[in-house]
Amino acid sequence: MAIEIDEDAWAEGASLKEKVKCADPVIMAFDIQTTKAPLKFSDQAIDQVMMISYMVDGQDFLITN
């Protein structure tokens, strides 16, 4: 992350928010859907992947279905 600091503002006692400019956060999430027995966790030995999808900053993408 690149940080820009104005030396004059720093010397004058500016607030931290004024001193450092931060990048906007990027949010990413993913979801893997599998076949599985009811009330059980997925087991890679017997369960198959049905769908993989992900979302980045509100845009969703389907990898496989």
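Ser53 is found in strand S2, where strands are DSSP runs of E with at least two residues, numbered from the N terminus. The model is predicted: local features need pLDDT of at least 70, side-chain atom pairs count only at pLDDT 80 or more, and totals for chains, interfaces and linings use all residues. Residues are numbered from 1 along each chain as its sequence is written, and side-chain values use heavy atoms, with hydrogens and water left out.

**Ser53**

- Ser53 counts as buried at 18% relative accessibility; buried means under 20% relative accessible area, exposed over 50%, and partly exposed in between, with a 1.4 Å probe and protein chains only.
- Leaving aside residues up to four places away in sequence, Ser53 touches Ala29, Phe30, Asp31, Phe61, Leu62 and Ile63, contact being heavy atoms within 4.5 Å.

**Nonpolar surface patch**

- Phe30 has its place in strand S1 and is exposed, with a relative accessible area of 64%.
- Together with Ile32 and Val49, Phe30 forms a nonpolar patch on the surface, and the three have about 330 Å² of accessible area together.
- Such patches are made of residues with over 30% relative accessible area and no salt bridge, nonpolar side chains (Val, Leu, Ile, Met, Phe, Trp, Tyr) being joined within 5 Å and like charges within 9 Å.
- The accessible areas come from the Shrake-Rupley method with a 1.4 Å probe, and for residues only the protein chains shown count as cover.

**Asp47**

- Asp47 lies in the loop between strand S1 (28–34) and strand S2 (49–56).
- Asp47 is buried yet has no salt bridge, that is, a side-chain nitrogen of Lys or Arg within 4 Å of a carboxyl oxygen of Asp or Glu.
- The nearest side chain of opposite charge is Lys36, 7.8 Å away; Lys and Arg count as positive, Asp and Glu as negative, and His and the chain ends are not counted.
- The backbone nitrogen of Asp43 is reached by the side chain of Asp47 at 2.6 Å.
- Thr35, Lys36, Phe41 and Ser42 are touched by Asp47, again not counting residues up to four places away in sequence.

**Positive phi outside glycine**

- Leu39 lies in the loop between S1 and S2, and its phi is near 60°, a positive value in a residue other than glycine.
- Leu39 is exposed, at a relative accessible area of 87%.
- Asp57 is found in the loop between S2 and strand S3 (59–64).
- Although Asp57 is not a glycine, it has a positive phi of about 50°.
- Asp57 counts as partly exposed, at 46% relative accessibility.

Key
Helix = DSSP H or I, 4+ residues; strand = E, 2+ residues; numbered from the N terminus. Polar contact = N/O pair within 3.5 Å; in protein donor to acceptor, adjacent residues only side chain to side chain.
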